[in-house]
Amino acid sequence: MSDVTLQDDLDALVSSAGYERFRAHVIDEWGPAGERFQSAVKAAAFNPDATADLRAVLFAQDEIARLLTWPGETLARLRT
C-alpha cells in the first residue's frame with residue numbers, strides 16, 4: 001500500500017461519522033471513567049494478586065488509547 005493511498009484512506013476514516021462514533025464508544029468503555037475500565041479495576045482490586053491484575057488492566061487501557069491515536073499520528077507524519 002502506498003503512502004498516498006494510506007493517507008487517503010486515513011483521511012476518509014478520521015472524517016467519517018462512524019469513526020467518531022467508534023472513538024466515542026471506545027472512550028466510554030475504556031477511558032478513565034469508562035464502564036469496562038472501571039469494572040476491570042474493581043475486579044482486579046479484589047483479587048489476591050491485585051498488583052499484577054491492575055498492571056494488566058492499565059496496560060490494556062494504554063494500548064487501547066495508543067490504537068486510537070494511530071490514525072491521527074500517521075496522517076501527521078504522512079503530511080510532512
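Tutor: In helix 4, Ala50, Val57, Gln61, Leu68, Pro71, Thr74, Leu75 and Leu78 are buried. Buried means under 20% relative accessible area, exposed means over 50%, and partly exposed is in between, using a 1.4 Å probe and protein chains only. Helices are DSSP runs of H or I with at least four residues, numbered from the N terminus.

Student: Before we go on, what kind of model is this, and how are residues numbered?

Tutor: This is a predicted model, where local features need pLDDT of at least 70 and side-chain atom pairs count only at pLDDT 80 or more, while totals for chains, interfaces and linings use all residues. Residues are numbered from 1 along each chain as its sequence is written, and side-chain values use heavy atoms, leaving out hydrogens and water.

Student: What do the buried residues of helix 4 pack against?

Tutor: They pack against helix 1 (3-14), helix 2 (17-30) and helix 3 (35-45). Contact here means heavy atoms within 4.5 Å. Take Leu68 in helix 4: at 12% relative accessibility, Leu68 counts as buried. Setting aside neighbours within four places in sequence, Leu68 touches Tyr19, Phe22, Arg23, Val26 and Ile27. Leu68 and Ile27 are 41 residues apart in sequence, with their C-alpha atoms 9.3 Å apart.

Student: What is the angle of the kink in helix 4, and where does it lie?

Tutor: A bend is the angle between axes fitted to the seven residues ending at a residue and the seven starting there. In helix 4, a kink of about 40 degrees lies at Trp70, shortly before the proline Pro71.

Student: How do I describe two packed helices?

Tutor: You give the angle between their axes and the distance between the axes. Axes are lines fitted to C-alpha atoms, for helices over the stretch in contact, with angles from 0 to 180 degrees between N-to-C directions. For helix 3 and helix 4, the axes come within 8 Å and cross at roughly 165 degrees.

Student: Is Glu29 buried or exposed?

Tutor: Glu29, in helix 2, counts as buried at 16% relative accessibility.

Notes. Helices (H or I, at least four residues) and strands (E, at least two) are DSSP runs, numbered from the N terminus.
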